[in-house]
Amino acid sequence: MKTLQHFFDRNREWANSITEKDPGFFTRLAAQQKPEYLWIGCSDSRVPATQIVDLPPGEIFVHRNIANLVVHSDLNCLSVIHFAVEVLKVKHIIVCGHYGCGGVHAAMEDTDHGLIDNWLCHVKDVRRLNADMLDGLADNEKIDLLCELNVREQVNNVCSTTVVQKAWAHGQELSVHGWIYNIENGLLKDLGTADS
Ligand code: CO
C-alpha cells in the first residue's frame, strides 16, 4: 500500500519548526479562525494562496477552482462567500487569476476538452463579451488579456452576489479586489478594487 509517508515526515518537521518558534501557535489557531481575507483563486498548483503572499495558516479563507470562476449559481462558491462575509466578517475578498492559466487557454481553443468545457463556458462568455478587445491580438497577448478580463468579470460577479450586496447595504466594511499573478516571476499585479 502506498501511504505517501514522506508527506507525514515533512508535516511533522513543519509542525515542529512552527512550534519551536511559537509554542502557542497551534493552540491559538485551534481556539478560533479570524481571517480578514477571502481568496478566490485558480486550482493551479503554482498559485497557492497563503504562500505567495507569505502568510501563515489562519490568515486567509480560501476557495479555489479551475480558472478562479465565480458562477452566479455555484452553490459551493456562494456558500464560501456567504460564510466568509456573514460569519467570519472578512474585510477583503480577493479574486486572484494568473497568467498562463490552463483553463483560460483551453477556453480560447475551439477543440473538445470533454466535461470541463461546460465549466469553461463561463470563460468563453468573457471572451465573447470582450471580442472587440481581443480580436486582432497575437495569441499570447490574447490569452494574457483574457486572464485579466476574466478576473475583472469574476470581481463583478462577486460584487453582484446577494451576500455582498446585502453586506454593503448594511454598511459592512468589505472590499473586492482583482489581482493577477505572474507564474514566471512570482509577482502579483493589482487590477483594481471595488468598494460599497
Ligand atoms: Co489557472
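His 177 sits in strand E4, which runs over residues 175–182 (strands, E, of at least two residues and helices, H or I, of at least four are DSSP runs, numbered from the N terminus). The model is a predicted one, in which local features need pLDDT of at least 70 and side-chain atom pairs count only at pLDDT 80 or more, while totals for chains, interfaces and linings use all residues. Residues are numbered from 1 along each chain as its sequence is written, and side-chain values use heavy atoms, with hydrogens and water left out.

With a relative accessible area of 12%, His 177 counts as buried (under 20% relative accessible area, with exposed over 50% and partly exposed in between, using a 1.4 Å probe and protein chains only). Its side chain makes a polar contact with that of Thr 193, at 3.3 Å (a pair of N or O atoms within 3.5 Å; within protein, one must be able to donate a hydrogen and the other to accept it, and residues adjacent in sequence count only if both atoms are side-chain atoms). Setting aside neighbours within four places in sequence, the residues in contact with His 177 include His 92, Val 155 and Gly 192 (contact means heavy atoms within 4.5 Å).

Val 126 belongs to helix H6, residues 116–129, and is buried too, its relative accessible area being 1%. Beyond four places in sequence, Val 126 touches Leu 146, Leu 149, Asn 150, Glu 153 and Gln 154. From C-alpha to C-alpha, Val 126 and Gln 154 lie 9.5 Å apart, although 28 residues separate them in sequence.

Next comes the metal. A cobalt ion is held by Cys 42 (SG), His 98 (NE2) and Cys 101 (SG), at 2.0 to 2.3 Å (donors are N, O and S atoms within 2.8 Å of the metal, or 3.2 Å for Na, K and Ca; water is not among the atoms, so sites may look incomplete). The spacing of these donor residues in sequence is C-x55-H-x2-C, and both His 98 and Cys 101 are buried.

As for the whole protein, it has nine helices and five strands, arranged along the sequence as α-α-β-α-β-α-β-α-α-α-α-α-β-β. The C-alpha trace spans about 55 × 50 × 30 Å along its principal axes. Of the 196 residues, 40% are buried. Among contacts with a separation of 6 or more, 61% join residues 24 or more positions apart.
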